[in-house]
Amino acid sequence: MPFIPLHDRVLVRRIEGDEKTKGGLIIPDSAKEKPQEGEVVSVGAGARGEDGERIAMDVKTGDKILFGKWSGSEIKLDGDDLLIMKESDILGILA
(Lines give C-alpha, C1' and ligand atoms only; values in the text may rest on other atoms or scores of the structure.)
Protein backbone atom coordinates (compact mmCIF):
# COMPACT_ATOMS: atom_id res chain seq x y z
CA MET A 1 0.00 0.00 0.00
CA PRO A 2 1.52 3.35 -1.02
CA PHE A 3 0.74 5.18 2.25
CA ILE A 4 3.11 5.82 5.13
CA PRO A 5 1.67 7.63 8.17
CA LEU A 6 3.65 10.52 9.60
CA HIS A 7 5.09 10.84 13.12
CA ASP A 8 3.21 8.70 15.69
CA ARG A 9 0.25 7.80 13.49
CA VAL A 10 -0.85 4.26 12.66
CA LEU A 11 -2.90 2.93 9.73
CA VAL A 12 -5.33 0.21 10.89
CA ARG A 13 -7.70 -2.24 9.16
CA ARG A 14 -10.70 -3.19 11.29
CA ILE A 15 -11.20 -6.89 11.99
CA GLU A 16 -14.87 -7.63 11.47
CA GLY A 17 -16.77 -9.46 14.21
CA ASP A 18 -18.94 -12.55 13.93
CA GLU A 19 -22.03 -12.49 11.73
CA LYS A 20 -23.90 -14.80 14.13
CA THR A 21 -24.50 -14.99 17.86
CA LYS A 22 -23.42 -18.04 19.87
CA GLY A 23 -27.04 -19.24 19.62
CA GLY A 24 -26.94 -19.10 15.82
CA LEU A 25 -28.93 -15.90 15.22
CA ILE A 26 -27.72 -13.77 12.33
CA ILE A 27 -26.91 -10.19 13.32
CA PRO A 28 -28.07 -7.62 10.72
CA ASP A 29 -25.62 -4.87 9.70
CA SER A 30 -27.86 -2.20 11.25
CA ALA A 31 -27.56 -3.83 14.70
CA LYS A 32 -23.80 -4.44 14.63
CA GLU A 33 -21.39 -2.25 16.50
CA LYS A 34 -18.18 -1.27 14.78
CA PRO A 35 -15.40 -3.56 15.94
CA GLN A 36 -12.74 -2.14 18.22
CA GLU A 37 -10.16 -4.65 17.08
CA GLY A 38 -7.84 -4.19 14.13
CA GLU A 39 -4.63 -5.08 12.38
CA VAL A 40 -1.84 -2.55 11.94
CA VAL A 41 -1.23 -1.97 8.22
CA SER A 42 1.46 0.70 8.44
CA VAL A 43 3.18 2.82 11.11
CA GLY A 44 4.95 6.17 11.12
CA ALA A 45 8.53 6.72 12.23
CA GLY A 46 7.49 7.92 15.70
CA ALA A 47 7.14 11.27 17.44
CA ARG A 48 10.07 13.41 18.49
CA GLY A 49 10.79 14.08 22.15
CA GLU A 50 11.68 17.47 23.62
CA ASP A 51 15.35 16.73 23.00
CA GLY A 52 14.66 16.09 19.30
CA GLU A 53 15.30 12.35 19.54
CA ARG A 54 12.86 10.00 17.81
CA ILE A 55 10.58 8.03 20.18
CA ALA A 56 10.26 4.46 18.87
CA MET A 57 6.77 3.12 18.15
CA ASP A 58 5.44 0.31 20.37
CA VAL A 59 3.38 -1.25 17.55
CA LYS A 60 4.54 -2.67 14.24
CA THR A 61 2.95 -3.77 10.99
CA GLY A 62 0.91 -6.94 11.46
CA ASP A 63 0.13 -6.42 15.17
CA LYS A 64 -3.46 -7.12 16.26
CA ILE A 65 -4.64 -4.25 18.45
CA LEU A 66 -7.57 -2.94 20.48
CA PHE A 67 -8.54 0.71 20.23
CA GLY A 68 -11.18 3.03 21.65
CA LYS A 69 -14.71 3.12 20.25
CA TRP A 70 -14.36 6.62 18.80
CA SER A 71 -10.65 6.44 17.92
CA GLY A 72 -9.19 7.42 14.60
CA SER A 73 -10.41 8.93 11.36
CA GLU A 74 -11.98 6.73 8.70
CA ILE A 75 -10.32 6.87 5.29
CA LYS A 76 -10.60 4.91 2.06
CA LEU A 77 -7.41 3.79 0.28
CA ASP A 78 -7.38 1.55 -2.79
CA GLY A 79 -11.02 0.61 -2.07
CA ASP A 80 -10.27 -0.48 1.53
CA ASP A 81 -11.94 1.18 4.53
CA LEU A 82 -9.16 1.95 7.00
CA LEU A 83 -8.55 4.03 10.12
CA ILE A 84 -5.70 6.39 10.80
CA MET A 85 -5.05 7.14 14.46
CA LYS A 86 -2.36 8.27 16.86
CA GLU A 87 -0.46 5.55 18.69
CA SER A 88 -1.86 6.90 21.97
CA ASP A 89 -5.40 5.91 20.79
CA ILE A 90 -4.34 2.24 20.85
CA LEU A 91 -5.34 0.51 24.10
CA GLY A 92 -3.16 -2.57 23.71
CA ILE A 93 -1.69 -5.31 21.54
CA LEU A 94 -3.44 -8.70 21.42
CA ALA A 95 -1.01 -11.53 22.10
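**View 1. Burial of D8 in the predicted model.** D8 is buried in this predicted model, with a relative accessible area of 15%, which lies under the 20% limit for burial. The residue belongs to the segment that precedes β1 (9-14). Leaving out residues up to four places away in sequence, the contacts of D8 are G46, A47, M57, M85, K86 and E87.

**View 2. Salt bridge between K86 and D8.** K86 and D8 form a salt bridge in which the closest N and O atoms are 3.4 Å apart. Because K86 is part of strand β5 and D8 of the segment before β1, the pair ties together parts that are 78 residues apart in sequence.

**View 3. The largest nonpolar core.** Ten residues make up the largest nonpolar core, namely V10, V12, V40, M57, V59, I65, F67, L83, M85 and I90. At least two residues of this core come from each of β1, β3 (64-67) and β5 (80-86). Beyond its neighbours within four places in sequence, V10 contacts P5, V40, S42, V43, M57, V59, L83, I84, M85, E87 and I90.

**View 4. The six-stranded sheet.** An open sheet is built from six strands in the order β4-β5-β1-β2-β3-β6, with antiparallel pairing. The edges are taken by β4 (73-77) and β6 (90-93); each has a single partner strand, so one side of each is left without a neighbour in the sheet. On average, neighbouring strands of the sheet are turned by 45 degrees against each other, direction ignored.

**View 5. Pairing of β1 with β2.** Five bridges join β1 to strand β2 (residues 37-43) in the antiparallel sense. Opposite V12 stands V40, a residue of β2. Both V12 and V40 are members of the largest nonpolar core.

**View 6. Salt bridge between K64 and E39.** The closest N and O atoms of the salt bridge between K64 and E39 are 3.9 Å apart. K64 lies in strand β3 and E39 in strand β2, so this pair ties together parts that are 25 residues apart in sequence. K64 is partly exposed, with a relative accessible area of 35%; E39 is also partly exposed, at 27%.

**View 7. Salt bridge between D63 and K60.** D63 and K60 form a salt bridge with the closest N and O atoms 3.1 Å apart. D63 is buried, its relative accessible area being 11%, while K60 is exposed at 53%. The whole structure contains six salt bridges.

Key:
Residues numbered from 1 in each chain as written. Predicted model: local features only at pLDDT ≥ 70, side-chain atom pairs only at ≥ 80, totals over all residues. Heavy atoms only, no water. Helix = DSSP H or I, 4+ residues; strand = E, 2+ residues; numbered from the N terminus. Buried < 20%, exposed > 50% of the residue type's maximum accessible area, 1.4 Å probe, protein only. Contact = heavy atoms within 4.5 Å. Core = buried A, V, L, I, M, F, W, Y, C linked by side-chain atoms within 4.5 Å. Pairing = 2+ DSSP bridges. Axes fitted to C-alpha atoms, helices over the stretch in contact; angles between N-to-C directions. Salt bridge = Lys/Arg side-chain N within 4 Å of Asp/Glu carboxyl O.
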